[in-house]
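Let us read a structure together, taking one feature at a time and moving from the general idea to the particular case.

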Amino acid sequence: MQSKMKESGPILEVENLSASTENLPILKGVSLTVYPGEIHAIMGRNGCGKSTLSKIIAGHPSYNITNGDIKFLGENINSLEPEERAQSGIFLGFQYPIEIPGVSNLEFLRVSTNARRKFLNKEELDTFDFEELVKEKLEIVKMDHAFLSRSVNQGFSGGEKKRNEILQMALLEPKIAILDETDSGLDIDALRIVASGIKKISNAQTGIILITHYQRLLDEIKPNYVHVMSDGQIIKTGESDLALELEKKGYEWTDNFIKET
Amino acid sequence: MEIIEKIKTNQSLDNLTEIQKICLDKLQSSPLPNPKSEQWRLSNKSKFSNFLNYSFNEKDPKFNTPFPNTSQNTIRLVIGDDCQINLIEKNYSIKQLSEDKLVKYLKEQISCFDQNENWSDLLNLSLNRKKNTLGLKINGSEIPPIEIFSHASSNSLNTKTLVIFLEKNCDIDLLQVNLGKYNSSLSQSTFICLEENSSLNHGVVSYGESKSNLLNSLNVIQQNNSEYNLGSLHFKFNFARFEIRIKQSEGNAKTNIKGMQITKKDEQISTYTKIDFHGPNGFLDQINKSLADDKSHAIFEGSIIVPKIAQKTDASQLSRNLLLSNLAQIDTKPQLEIIADDVKCKHGATISQLNEEELFYMRTRGITLREASKLQLSSYFQEIISFIPVSKDRWDLLDKLLNEN
């Protein structure tokens, strides 16, 4: 299976990446390669740099890359703007999706989808055609049509916000999706809906990076690789049983790896 | 005294109206506003001088409206354009105020003027001739929306005065549009009296061209059980002041205000509001927004006066401001003066920039920084624009703000 995945080139290559914000180093040499069809999980204590890694890949302007490269489909994207990265197929699912009062969810989704479609040389959708498309995608995350007429994420519950993220992922059809703690704040039913949505959207041509603290998401979506991060570095990489071991032994167990490295 | 001389030399003293004479007389003692007073201390002195610099002669009294053609369902009036109206329909009437009533009402108003606070009105009334004054008496129901235009012409200082009596149980939508021209000054004074149980949805939209100036003064008296809703928007003026004075004369009245001013380049636009509660059970909900970009300066000063007689007043005043450039300046000062002891009053002010995290979120969805900023601004504007009556269907103000301004 894995050799078949690697027949084509990697979607994402993070090479020895170091980054800082306000002169404070956050990432200290992270390397990670994702091939089509692969699911990677990144785990680690709070503050170890998981979310920062996801934001830097998405192009957050508050972080400076001090060393290393990020390559997407073989091209260096270090200097691309966040919107250019998104249009070319990088999706970041937020841990805390942002509320945007006064901006209708439907219009926001339509503008986003058309930005991606324009990049893919697909015809942009008018409101009528977009409604048809979004209706179909709403099914994936079992969301009510009424959510579309509200402001982006405003007044949504934690679970509704996360489902809205997956709806966006379904509409944007990214090449790689980085989902930052998509499972946090979800009850068991919502977790299953979100996990099933992710599975439906992903395919042999796409890559997924799941950032999580818990095994329960990985019970629903089995990763090919599990990486453990600590203090801005990936300190151990293994297969899915590494997550189970972490669940059993806790992060204290990983402190030994830090001593070893 | 320069201004007085200018007025006198511009018009023969014999031709002055009674109102003009009274106001000129008042101006003699303070020909210019006190630059150290609270109402004027932040006004840019050279811009204000520029406002007064233009000739008082109207150069181009004709006015070609750049706005949508009048709709069949809307009554449109242009002050100074041989404006006459005498509509008597089955359910309502809109009549011209008689000269006597107009003079009587203005004299009453002037007698209550504070020399400094009402300086803009004193200037307006001392300069204004009859043809640039429109007085209306409105009563009845199912009245069509009314649009009233005031405009300045280039290279001159124009004055327009509007007086409206809304009689008992009357309910109307009124949009007032003040237009500045290149190199012009417009002095607009408006006096509105809402009688018992009447209701006015009032929109004030003022916008200019390069180097236009505006002194816009609005005086509203609300009687028992009246409701006054004001949605206002001021933009594209080199120098503009919007002065709002509302008096709930007997209490038991409701006032809602949603106003916004947008400044760019080196413009200065300010809003001064004074809401006076003169009886119990008054209500006020006010929000004022400023957006300042480039090297511009936006000012808001609001005061709410709640004397002992105004028990059970419920008033809220919020100033929300967006600073879009490091060189722009925003001054805001919401104030409460409360003597009554059984009231619910609150005020607050915020100054912020475009929300970086919201922008990043939108950008991670492929929306460009420019588009994301526009979406944020449109949501910021929408709250105010949706409150301006008459404009919703035919006046695309949001588009004007986002794409033309």
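Q: Where in chain A is confidence lowest, and where is it highest?

A: The pLDDT is the predictor's confidence in each residue, from 0 to 100, and where it is low, the predicted coordinates should not be read in detail. Chain A averages 91, with 96% of the residues scoring at least 70; the lowest confidence falls in helix H1 (residues 2-5) of chain A, at a mean of 47, and the highest in strand S6 (residues 90-93) of chain A, at 98.

Q: Which residues of helix H9 of chain A are buried, and which are exposed?

A: An α-helix has 3.6 residues a turn, so residues three or four places apart point the same way. A residue counts as buried if 20 or more other C-beta atoms lie within 10 Å of its own, and as exposed if 12 or fewer do, with C-beta atoms placed from the backbone. In H9(A), residues 241-249, the buried ones are A:Leu242, A:Ala243 and A:Leu246; seen down the helix axis, they fall within an arc of 100° (taken from the directions from the axis to the C-beta atoms), so they line one face of the helix. On the other side of H9(A), A:Asp241 and A:Lys248 are exposed.

Q: In what order do the strands of the open sheet in chain A run?

A: Strands of a sheet pair through backbone hydrogen bonds, either parallel or antiparallel, and two strands are taken to pair if DSSP finds at least two bridges between them. Here four strands form an open sheet in the order S2-S1-S4-S5 (chain A), with antiparallel pairing. The edge strands, S2 (24-34) and S5 (75-76) of chain A, each pair on one side only. Strand S4 (residues 64-72) of chain A meets S5(A) over two bridges, and A:Phe72 stands opposite A:Glu75 in S5(A).

Key:
Residues numbered from 1 in each chain as written. Chains lettered and ligands numbered in written order. Predicted model: local features only at pLDDT ≥ 70, side-chain atom pairs only at ≥ 80, totals over all residues.
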